[in-house]
Amino acid sequence: MQEPDKEIPSYDDTLSYVDYRLRIGDRIYIYVYSLDEKISKMYNSGQSGSNLKQQVQRGGSTNGTTDLYTYLIDDEGDITFPTVGKIHVKDMTTREVAHLMEDTLSSTLQGLPGYSTISAEVNVLMRTFSVIGMQSGRYNITKEKMTIFEALAAAGDIQEFGDRAQVKLVREINGKTVIKTFDVRSKDIVNSEFYYIEPNDILYIRKINGQAFGINSASTGLAVVASTLSFGVFVYTIVQTGINHVKKYKEKQ
């Protein structure tokens, strides 16, 4: 969080959080709320659906039930939903899909006996980002708005010799893969397009070339100074002892 200067870049105030829009290959979970128990069981698979909903909200494992109770967005951008058929959801937000499902199911089921108002909740599964370079791994996006600092913390922070000035972000934008480079030290990062992580983002953190030794904290600096002084005193003591022995030897001659 350093002030921009000649070495640390300044970024434009472009921060505008935009809801994630669904892409081909995403897998979504749809939970349908209804006072009609039959409708709830039909779309939510009874108790198992309720348990799965809780697991999805916590960001935990779905224990192998993902394919059974979730919907894959196919190459045409559609999902296939029971009693409804194909529904186009590509490029929509989860809120927009929820409203679409409510309208679609209401028009489909409102003539049935015992019908009551329907509402829907939509979640994206397997919202992850990846880190490669000095430290590698895939990590869950555990909240709707996850910042770059929270993402780096989840990955164990940038290691001692990681290049903070040249962090690369690989992101899909409008169907194209884009690579952007930014300096995570800059205070302006909180107002930039790099501040929020999106699903499927890749962060590349390279090692600073040729750096084998460095001082990155006051305690480390004091330790180095103390070690140097101790070694100097040790060498001086040995040399002085040798000189004294020589003097004594010459005095005896």
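Two strands are taken to pair if DSSP finds at least two bridges between them. In this predicted model, strand β6, residues 128–133, and strand β7, residues 137–140, meet that condition with 4 bridges in the antiparallel sense. Within this pairing, Thr128 has Asn140 of β7 as its bridge partner.

Of its 253 residues, 35% are buried.

Another set of strands forms an open sheet. The sheet has 3 strands in the order β2-β1-β5, and the pairing is antiparallel. Its edge strands are β2, residues 71–72, and β5, residues 119–124, each of which pairs on one side only. Strand β1, residues 27–33, runs antiparallel to β5 and is joined to β5 by 6 bridges. Tyr31 stands opposite Glu121 of β5. Across β1 and β5 lies helix α4, residues 94–109, which runs at about 145° to β5.

Rolling a probe the size of a water molecule over the atoms shows where empty space is left. The structure holds 1 cavity of 30 Å³ or more. The volume of the largest cavity is about 40 Å³. Leu169, Arg171, Ile173, Lys180, Glu193 and Phe194 line the largest cavity. Strand β9, residues 167–173, provides the largest share of this lining, with 3 residues. By class, the lining consists of 3 nonpolar and 3 charged residues, with no polar residue.

Two residues deserve attention for their backbone angles. Most residues other than glycine have a negative phi. Thr83, although not a glycine, has a positive phi of about 65°. Thr83 is located in the loop between β3, residues 78–81, and β4, residues 85–88. Its relative accessibility is 48%, so Thr83 counts as partly exposed. Asp157 is likewise a residue other than glycine with a positive phi, near 70°. The loop that holds Asp157 runs between α5, residues 148–154, and β9. Asp157 is partly exposed because its relative accessible area is 44%, and the range for that class lies between under 20% for buried and over 50% for exposed.

A further loop, between β10, residues 176–182, and β11, residues 196–197, contains Val190. Why does Val190 count as partly exposed? The reason is its relative accessibility of 23%, since buried means under 20%. Val190 and Phe149 are 41 residues apart along the chain, and their C-alpha atoms are separated by 9.5 Å.

Technical notes:
Residues numbered from 1 in each chain as written. Predicted model: local features only at pLDDT ≥ 70, side-chain atom pairs only at ≥ 80, totals over all residues. Heavy atoms only, no water. Helix = DSSP H or I, 4+ residues; strand = E, 2+ residues; numbered from the N terminus. Contact = heavy atoms within 4.5 Å. Axes fitted to C-alpha atoms, helices over the stretch in contact; angles between N-to-C directions. 1 Å grid on protein atoms, 1.4 Å probe; cavity = no way out; pocket = protein on both sides within 12 Å on 5 of 7 lines; lining within 4 Å. Points joined across faces, edges and corners; volume = space filled by probe spheres on them. Nonpolar A, V, L, I, M, F, W, Y, C, P; charged D, E, K, R; others polar. Buried < 20%, exposed > 50% of the residue type's maximum accessible area, 1.4 Å probe, protein only.
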